[in-house]
Structures are given as structure tokens and as C-alpha cells.
Amino acid sequence: GDLISDYIEVVGFNYDGKQWYLNPLKADTNNDGQLDTVECEALINVENNTIISSSGSYCQDIDNDKTPDIYDFDNDGDGVPDKVDESPYKFMGDINSGLSDQKFDFKLSSFNANKPIFVDIMVQHECP
């Protein structure tokens, strides 16, 4: 019921010279809290069991670590596991050095005046 053909999940897809498979019995193949339909959007409602992707990639790899998000437990590579990451597809700063100037800059644009907005920020701090 995940909108991805069980046939496609079993046959799999090729990414970076390796064949990857999804679990047709699970909506979240790697149990990272992100549904297969989010991590492999190009595979939704594929007709005639033929994979067609204009980008050449069937499952995204947000952090370009050569592991598709469908099997990556940290999609954005920020060190926070997807299961607990409030924003598993975005990070700010450099993954290795953090915010180089140790300052956080935040701007709001394109919002309606006199209407409430919700801002959610997650900060990860590692002790030396």
C-alpha cells in the first residue's frame, strides 16, 4: 500500500554501480522514520513495471555519500539519525566544522504580516 509496485521493490534499481532493493512488506525499508515514498519518489505509481526517471536517480541521496536515502540512516549527513532528526533533509553550516563563525543567522521572508508563523530550530552540540 505504499504506492510503489512490489515488483519494482523486488527488482530494485541501480545507483552508483550497485543494485539496491526495497522491502515490499514495509512502507519504510530501513526503519529510519522516513517512508519509502518520500525517499524514492520517482518510483511512485510506476506503470507497466518500467522505471522512468528524468534525473537518472530513482531514490534520492541528499548528502551524496553514494548510499541512497532509502538505506541511509542520516540522510543529510549532519550526524543526527533520521529517526530523531527534526529536519532529516537539511543542515546548516559545515558538517565537520559546524558554523565557521560560531554565529547563527536567521531571516524570515515571504510570510503574511499579522499572521503567526512557527519556527522550529534544532541545535546539536558536542562536548569536547
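**View 1. Contacts across the whole chain.** Among contacts in the chain between residues at least 6 apart in sequence, 44% join residues at least 24 apart; a contact here means heavy atoms within 4.5 Å. This is a predicted model, in which local features need pLDDT of at least 70 and side-chain atom pairs count only at pLDDT 80 or more, while totals for chains, interfaces and linings use all residues. Residues are numbered from 1 along each chain as its sequence is written, and side-chain values use heavy atoms, with hydrogens and water left out. The chain holds 2 helices and 2 strands, and from the N terminus on its elements run α-β-β-α. Helices (H or I, at least four residues) and strands (E, at least two) are DSSP runs, numbered from the N terminus.

**View 2. Confidence and surface.** The predictor's confidence in each residue is given as pLDDT, from 0 to 100. For the chain its mean is 79, and 75% of the residues reach 70 or more. Among the elements, strand E1 (residues 13–15) has the lowest mean pLDDT (85), and H2 has the highest (91). The chain exposes about 9100 Å², with carbon and sulfur atoms supplying 52% of it; accessible areas come from the Shrake-Rupley method with a 1.4 Å probe, and for residues only the protein chains shown count as cover. Of the 128 residues, 29% count as buried. Buried means under 20% relative accessible area, exposed means over 50%, and partly exposed lies in between (1.4 Å probe, protein chains only).

View 3. How many disulfides does the chain have? The count comes to 1 disulfide, a disulfide being a pair of cysteine sulfur atoms within 2.5 Å. Cys 40 is joined to Cys 59, with 1.8 Å from S to S. The pair links distant parts of the chain: the two cysteines are 19 residues apart, with Cys 40 in the segment after H2 and Cys 59 in the segment after H2. Turn to the S-S bond and you will find 110 degrees about it, a right-handed link. Both Cys 40 and Cys 59 are buried.

**View 4. Leu 3 and its contacts.** Look for Leu 3 in the segment before helix H1 (6–11). Leu 3 counts as exposed because its relative accessibility is 52%. Which residues does Leu 3 touch, not counting residues up to four places away in sequence? They are Thr 37, Leu 43, Ile 44 and Asn 45. Leu 3 and Val 46 are 43 residues apart in sequence, yet their C-alpha atoms are 8.6 Å apart in space.

View 5. Is Asp 82 buried or exposed? Asp 82 is buried because its relative accessible area is 2%. This residue is found in the segment after H2. Leaving out residues up to four places away in sequence, Asp 82 touches Asp 32, Gln 34, Glu 39, Asp 72, Phe 73, Asp 74, Asn 75 and Pro 88. Asp 82 and Asn 31 are 51 residues apart in sequence and 9.5 Å apart in space, C-alpha to C-alpha.

**View 6. Positive phi at Asn 64 and Lys 66.** Most residues other than glycine have a negative phi. Asn 64 is not a glycine, but its phi is positive, at about 55 degrees. Lys 66, another residue other than glycine, has a positive phi near 70 degrees. Asn 64 lies in the segment after H2, and Lys 66 lies in the segment after H2 too. Asn 64 is exposed because its relative accessible area is 58%, whereas Lys 66 is partly exposed because its value is 46%.

**View 7. A nonpolar patch on the surface.** Phe 106, Leu 108, Phe 111, Ile 117, Val 119 and Ile 121 form this patch, and together they have about 530 Å² of accessible area. Patches are made of residues with over 30% relative accessible area and no salt bridge, where like charges are joined within 9 Å and nonpolar side chains (Val, Leu, Ile, Met, Phe, Trp, Tyr) within 5 Å. A salt bridge is a side-chain nitrogen of Lys or Arg within 4 Å of a carboxyl oxygen of Asp or Glu. One of the patch members, Ile 117, lies in the segment after helix H2 (36–39). Ile 117 is partly exposed because its relative accessible area is 43%.
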